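Please look through the sequence and the model shown here before reading on. The paragraphs after it take one topic at a time.

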Amino acid sequence: MIFKSLKLYLGAEIDLEQTLNILVDFCYKKQEMVAQEGDFSLRGGIIDIFPFTFELPVRFELDDARIVSVKSFAPADGSPLYEHKMAIILPVG
């Protein structure tokens, strides 16, 4: 069995369309705002993902294709809580 994951690193350049397709392949649901595990959203240069293995959603801020910020945030109001260097996203279920 092949272990699938999506590794998103601070400073990495990503292909946005490919990243979004991987999230869909991993059974994440595109929403306007993330509210529960398995949700993701895209607003401009910001991708929010709520991995099912995390207690909080993670916000990835992009400058063009480069990840310039990785932070956990409070889902209730979007306030940033913790900075990270990377996040590993696993498929839902």
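This is a predicted model: local features need pLDDT of at least 70, side-chain atom pairs count only at pLDDT 80 or more; totals for chains, interfaces and linings use all residues.

Residues are numbered from 1 along each chain as its sequence is written, and side-chain values use heavy atoms, with hydrogens and water left out.

The largest nonpolar core has 17 residues, and those with the most contacts inside it are Leu8, Leu23, Tyr28, Ile49, Phe60, Ile67 and Ile89. A nonpolar core is a set of buried Ala, Val, Leu, Ile, Met, Phe, Trp, Tyr and Cys residues joined through side-chain atoms within 4.5 Å; buried means under 20% relative accessible area, exposed over 50%, and partly exposed in between (1.4 Å probe, protein chains only). Two or more residues of this core come from each of strand E1 (6–9), helix H1 (16–25), E4, strand E5 (58–63), strand E6 (66–73) and E8, where helices (H or I, at least four residues) and strands (E, at least two) are DSSP runs numbered from the N terminus. E5 gives the most to this core, with 3 residues.

A search of the whole structure finds 3 salt bridges, a salt bridge being a side-chain nitrogen of Lys or Arg within 4 Å of a carboxyl oxygen of Asp or Glu. One of them joins the side chains of Arg66 and Glu13 at 2.8 Å, N to O. Because Arg66 lies in strand E6 and Glu13 in the loop between E1 and H1, this pair ties together parts that are 53 residues apart in sequence. Arg66 counts as partly exposed at 36% relative accessibility, whereas Glu13 is exposed, with a relative accessible area of 56%.

Asp48, placed in strand E4 (residues 46–49), counts as buried at 2% relative accessibility. Asp48 forms a salt bridge with Arg43, with the closest N and O atoms 3.0 Å apart, and Arg43 counts as partly exposed at 34% relative accessibility. Asp48 also forms a salt bridge with Arg59, where the closest N and O atoms are 2.7 Å apart. Since Asp48 lies in strand E4 and Arg59 in strand E5, that pair ties together parts that are 11 residues apart in sequence. Through salt bridges that share partners, Arg43, Asp48 and Arg59 are joined into one network.

On the surface, Tyr9, Met86 and Ile88 form a nonpolar patch with about 240 Å² of accessible area together. Patches are made of residues with over 30% relative accessible area and no salt bridge, like charges being joined within 9 Å and nonpolar side chains (Val, Leu, Ile, Met, Phe, Trp, Tyr) within 5 Å; accessible areas come from the Shrake-Rupley method with a 1.4 Å probe, and for residues only the protein chains shown count as cover.
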